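Thanks for coming. Please have the structure open while I talk.

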Amino acid sequence: MIDNIEFYNSPDGSICVKPEGEPMFVLEESNRKLIQEILATIRELYPDAFKALSELYTRSESNRSFFEFRIVSRFIRCNFGEYDALSKDIDAMGAFHLEDVRCPLRGECLMEGRICRPTLQTALSPRETEVARLYSAGYDRLAIANELNISVYTVVRHISNIKARLKLRHSNQIISLFKG
């Protein structure tokens, strides 16, 4: 799971990644695991941004890894590019905290509201609803994974997505919302 990460745009246009407790590195196409995890979150929580980015970079689609790198790097540049030492762009629970990134095209960009400042998809998927129901019934993450025949990692991601979609801070809030 991706967590505790700060991103910032460097003057040369590259994206610097600073995981908590680890050295900073420049995001590259070879950072497949990080890119795929961020891409999955964009696809699930910001489907309009994912669609717009996919259309924008459609010419790169034949090279899948480059295509995914371009989508993720553009999303980061437009939404996480400011260095902020007080709060992480991706927090300890894997939630995204979008920033108001300085952009010379702010107010004129055709992609504003889609790629930068994207709309969060707040409706839960059927699977997220099932995870929330089981979680609120007292199942732990492993029991949910076994019940739904999915990995614990997938359960954790669903819980993170539920919290993001419903703007919850703690997993326990899921229990209060779905209990009954």
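Let me start with helix H6, residues 152-166, in what is a predicted model. H6 has 15 residues, and at 1.5 Å a residue they should span 21 Å; the end C-alpha atoms lie 21 Å apart, so the two values agree.

Which residues of H6 are buried? They are Val155, His158, Ile159, Ser160, Asn161, Ile162, Lys163, Ala164 and Arg165. Their packing partners are four helices: H1 (32-45), H4 (126-136), H5 (141-148) and H7 (172-178). Just after H6 comes lysine 167, which has a positive phi of about 55 degrees.

Now to another pair of helices. In general, two packed helices are described by the angle between their axes and the distance between the axes. For H2, residues 47-56, and H3, residues 64-79, the axes come within 10 Å and cross at roughly 125 degrees. That angle makes H2 oblique to H3. The crossing of these two helices, H2 and H3, is right-handed.

Which residues meet there? From H2 we have Ala49, Phe50, Leu53, Ser54 and Leu56, and from H3 we have Phe67, Ile71, Arg74 and Phe75. Sorted by class, this contact of H2 with H3 holds seven nonpolar residues, one polar and one charged.

Last, the loop between H2 and H3, where serine 60 is found. Is serine 60 buried or exposed? Its relative accessible area is 9%, and under 20% counts as buried, so serine 60 is buried. Leaving out residues up to four places away in sequence, serine 60 touches Phe66, Phe67 and Arg70.

Definitions and conventions:
Residues numbered from 1 in each chain as written. Predicted model: local features only at pLDDT ≥ 70, side-chain atom pairs only at ≥ 80, totals over all residues. Heavy atoms only, no water. Axes fitted to C-alpha atoms, helices over the stretch in contact; angles between N-to-C directions. Parallel < 35°, antiparallel > 145°, perpendicular 65-115°, else oblique. Left-handed = near helix turned anticlockwise from the far one by under 90°. Contact = heavy atoms within 4.5 Å. Nonpolar A, V, L, I, M, F, W, Y, C, P; charged D, E, K, R; others polar. Expected span 1.5 Å × (residues − 1). Buried < 20%, exposed > 50% of the residue type's maximum accessible area, 1.4 Å probe, protein only.
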